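My notes follow in the order I made them.

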Amino acid sequence: MIMEHPENDDAYKGLKVNKGVENVPTVNPYLKKRVQRKQYTTSEFVDGILKGNITILSQAVTLVESAKYDHQLLAQEIIEKCLPYAGNSVRIGITGVPGAGKSTSIDSFGMYLLKQGHKLAVLAIDPSSERSKGSILGDKTRMEALSREKNAFIRPSPSAGSLGGVARKTRETIILCEAAGFDTVFVETVGVGQSETAVHSMVDFFLLIQLAGTGDELQGIKRGIMEMADGIVINKADGDNVDKAQLAAAQYRNALHLFPLAESGWSPKVLTYSGYYNLGIKEIWDMVYEYVAFTKKNGYFEHKRREQSKYWMYESINDTLRDTFYNNPAVQANLMQTERMVLDNEITPFVAAKRMIDLLLNDLRKK
């Protein structure tokens, strides 16, 4: 019940205080009870993915990314059943320094491909904060045109500090997307750290996006990333920046002549374009298709995919061994004490490591 304000008494003429309002409920009465998501079986997941159901595909990718053990088991069953239907796409890794226009370029590239009748999946890796472990996942907002297309699937994922953002989960997601009928897959990297190496180990064509007019262009050339690139494109070649872009392209071409020929036998090309104005997009895709045809003809395309599968087998073994080590109860019980001994210079790091490994092996033998 709301009490009358004493200020409204005649003694306080000229002062008017309105009544308050009743206490409102803390829970919105119009809020509907949350609908429980349907729990699909493995067969239902696989059937939905093969039919191109985006909702089911998204839920399957969520299972792949989940850290829960039962989710991982279900995800592996789905991937295993989808594997025979995968492999029929062109996988393209896209990297570049932050601000190079990767997301805007992907929007332009994707719309061009959709007009050619393709189905496109974009796996955009968003860098996670080292402090909060959170991600903005804002790449999708910069792909305005693609995000409205039914034949485009955009999946932003947090890097979570795993190999610069790209690890086994991204490769498994590629398999699901291919099984769902997507014939082109983009993997966008965060543009820093080891992510380029990881992306290169799971794509067919590696595209490096660069900028012109930002200073000495050759300062932006790093030998490792240049050697991995199958094509280099200079973005924002429009308006007053066209001449600068052409000059940068010439400098990159000269730099590429200093590198040995790639194992594929392909000589990387350098092109200019404008992602914002959609200029030069066709030429870029002519280059990509020329590369695919060239490597399929000389057998490198399939050879590279086999080598990638072997690479990820060993990466998976390494991940499993690491997880087994750190989740072992005997190791957990002694790790901090051993760490303190190293910090106090009682034992060397190498002796400490051997002790912990021996501890793990002895514990596993008992089981």
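This is a predicted model: local features need pLDDT of at least 70, side-chain atom pairs count only at pLDDT 80 or more; totals for chains, interfaces and linings use all residues.

I began with E307 and K310, which sit 3 residues apart in helix 10 (residues 300-326), a separation of about one helical turn. Helices here are DSSP runs of H or I with at least four residues, strands are runs of E with at least two, and both are numbered from the N terminus. E307 and K310 form a salt bridge, with their closest N and O atoms 3.4 Å apart. The term means a side-chain nitrogen of Lys or Arg within 4 Å of a carboxyl oxygen of Asp or Glu. I noted the general point that side chains of opposite charge can pair when their charged atoms come close.

Residues are numbered from 1 along each chain as its sequence is written, and side-chain values use heavy atoms, with hydrogens and water left out.

Next I looked up exposure (buried is under 20% relative accessible area, exposed is over 50%, partly exposed is in between, with a 1.4 Å probe and protein chains only). E307 is partly exposed at 37%, and K310 is partly exposed at 42%.

How many salt bridges are there by this rule? I found a count of 8.

One of them joins E290 and K269, at 2.7 Å from N to O. This pair links distant parts of the chain, since E290 is in helix 9 (residues 281-298) and K269 is in strand 7 (residues 269-272), 21 residues apart. E290 has a relative accessible area of 39% and is partly exposed; K269, at 31%, is partly exposed.

I also checked D358 and K354, whose closest N and O atoms are 2.9 Å apart in a salt bridge. Both lie in helix 12 (residues 349-366), 4 residues apart. D358 is partly exposed at 29%, whereas K354 is exposed at 54%.

Last, I turned to the second largest pocket. On a 1 Å grid over the protein atoms alone, a pocket is an open set of points with protein on both sides within 12 Å along at least five of seven lines, and lining residues have an atom within 4 Å of a point. I noted 23 lining residues, with E227, P260, A262, W266 and P268 nearest the centre. Which helix gives the largest share of the lining? Helix 7 does, with 3 residues.

Methods
On a 1 Å grid over the protein atoms alone, a cavity is a set of points where a 1.4 Å probe fits but cannot get out, and a pocket is an open set with protein on both sides within 12 Å along at least five of seven lines; lining residues have an atom within 4 Å of a point.
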